[in-house]
Amino acid sequence: MTKALFFDIDGTLFSKRSETDRMDDGLKAQLRRLQSDGARLFVCTGRPKMLIPPDVDGFGFDGFVMTNGGHVEIEGQTVYTELMGSELATAASDLLVDLGFQHTINSAYHTYLRPDYTVMRDYFSEHADKFTYEFDRAYALSRAIKLETFPTPGEREHIRQVFAREIGPAVAFNDNGTRGTYELYSSRLSKATGIKMALEHFGISVEDSYGFGDGTNDLAMIRACGTGVAMGNACDELKAEADLICGDVEERGLELCLRELFPL
C-alpha cells in the first residue's frame with residue numbers, strides 16, 4: 001500500500017537553531033529512497049508559501065499543507081484554500097488593534113504587515129524582506145487565512161477571554177511551536193483539514209499515513225494520521241499523544257526513525 005508521510009519543518013526536518021535552513025544529506029537520501037519506493041511525502045506547516053525555505057521548497061515533496069491547513073498544494077497545483085472570511089478576519093484584526101497587539105495578516109502567498117508595526121518586523125527580521133508593507137487592508141483581510149501576533153503567555157489568556165466574549169468560538173488559537181508567536185484563524189481549520197485533502201487526492205487511507213512533528217501546533221497533524229511520531233526534542237504535550245517518539249533532531253532523529261520504520 002502507498003504510504004503518505006507528513007513533516008513539520010522547524011525542529012523536525014531541521015533544527016530550529018539551523019542557520020542554513022537546510023535538511024541533512026542523510027535525511028534527504030532517506031526521503032528520496034521512500035519516494036522511489038512509492039511513498040508520497042508532504043510538508044505540513046503553519047508557514048505560508050512565501051516562508052517555506054528554498055531547500056525544502058525545491059526538494060521535490062509531493063505536496064505542501066500550509067498555513068495550518070488553510071492552503072494545500074499538490075504537485076505544484078493548488079487543490080484547496082480555506083479563508084477566514086472578510087467579516088471574521090476584520091473582526092479579529094480590529095479586536096487585536098483595540099487590545100494593542102501588532103499582527104501580521106497571512107494569505108496563501110503573502111504576509112501583510114503595517115510599516116509601523118516595528119515589533120513584528122524586528123521579530124521576523126530574517127524574513128522581513130519578504131513581507132508586503134504597502135497594501136489595501138480590506139483586500140488583505142479578504143484573503144486572510146490566519147493572523148499572527150506576539151503576546152506574552154499571560155497576554156495570550158487575556159486575548160482568549162476577550163475573543164470568547166466578543167467573537168465567540170469562530171476563532172481558533174495556536175501557540176506556534178516554532179517561533180513562539182500566537183496564531184488566530186478560523187475554527188474550521190487545522191493541519192488535519194489539509195491532511196484529509198491530501199490523502200483524498202491520492203486515495204491513501206488514514207491508516208497508511210504518518211505525521212512527524214515537535215510542537216503543539218503539530219497536535220492536529222498526529223491526531224489526523226494513522227501513526228503520529230513526536231521528535232525527541234518535541235514538547236511534552238505532543239509526546240503524550242504520539243504513537244512513537246523518535247530521536248532528537250540534533251542527533252539525526254528523523255533520518256534514523258525513517259530507517260527503522262521503513263527498512264530496506
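This is a predicted model: local features need pLDDT of at least 70, side-chain atom pairs count only at pLDDT 80 or more; totals for chains, interfaces and linings use all residues.
Once the neighbours within four places in sequence are left aside, the contacts of Thr193 are Gly69, Tyr80 and Arg188.

Thr227 has its place in strand S12, made up of residues 227-230. Its relative accessibility is 16%, so Thr227 is buried by the 20% limit. Not counting residues up to four places away in sequence, Thr227 touches Ser209, Tyr210 and Gly211, and also Asp243 and Leu244.

Ser209 leads on to the strands around S1. Strand S11 (residues 209-213) pairs with strand S1 in the parallel sense, over four bridges, and Ser209 in S11 is the bridge partner of Ala4. Strand S1 (residues 4-7) also pairs with strand S2 (residues 40-44), again parallel and over four bridges. Here Phe6 stands opposite Phe42 in S2. In general, the side chains of a regular strand alternate between the two faces of the sheet. In S1, Ala4 and Phe6 are on one side and Leu5 and Phe7 on the other. All four of these residues are buried, and both faces of the strand are covered.

Phe7 is also part of an aromatic cluster, which it forms together with Phe59, Phe61, Phe64 and Phe212. Across the whole structure, a search finds 14 aromatic pairs. For Tyr123 and Phe124, the ring centres are 5.4 Å apart and the planes stand at 90°, so this pair is edge-to-face.

Another part of the model holds an open sheet of five strands, arranged in the order S7-S6-S8-S10-S9 with antiparallel pairing. Its edges are strand S7 (111-112) and strand S9 (171-175), each of which pairs on one side only. Strands of a sheet pair through backbone hydrogen bonds, in either a parallel or an antiparallel way. S9 and strand S10 (residues 182-186) are antiparallel partners over five bridges, and Phe173 has Leu184 in S10 as its bridge partner. Which helix lies across this part of the structure? Helix H3, residues 86-99, lies across S9 and S10 as well as strand S6 (103-106) and strand S8 (146-149). The helix runs at about 15° to S8.

Helix H1 (residues 25-36) packs with helix H10 (residues 253-261) at an angle of about 30°, and the two axes are 8 Å apart. Their crossing is left-handed. On the H1 side, the residues taking part are Gly26, Leu27, Gln30, Leu31, Arg33 and Leu34. They meet Leu254, Glu255, Leu258 and Arg259 in H10.

Technical notes. Residues are numbered from 1 along each chain as its sequence is written. Side-chain values use heavy atoms; hydrogens and water are left out. Two strands pair if DSSP finds at least two bridges between them. Helices (H or I, at least four residues) and strands (E, at least two) are DSSP runs, numbered from the N terminus. Contact means heavy atoms within 4.5 Å. Axes are lines fitted to C-alpha atoms, for helices over the stretch in contact, and angles run from 0 to 180 degrees between N-to-C directions. Buried means under 20% relative accessible area, exposed over 50%, partly exposed in between (1.4 Å probe, protein chains only). A crossing is left-handed if the near helix is turned anticlockwise from the far one by less than a right angle, and right-handed if clockwise. Rings of Phe, Tyr and Trp (its six-membered ring) pair if their centres lie within 6.5 Å; planes under 30 degrees apart count as stacked, over 60 as edge-to-face and the rest as tilted.
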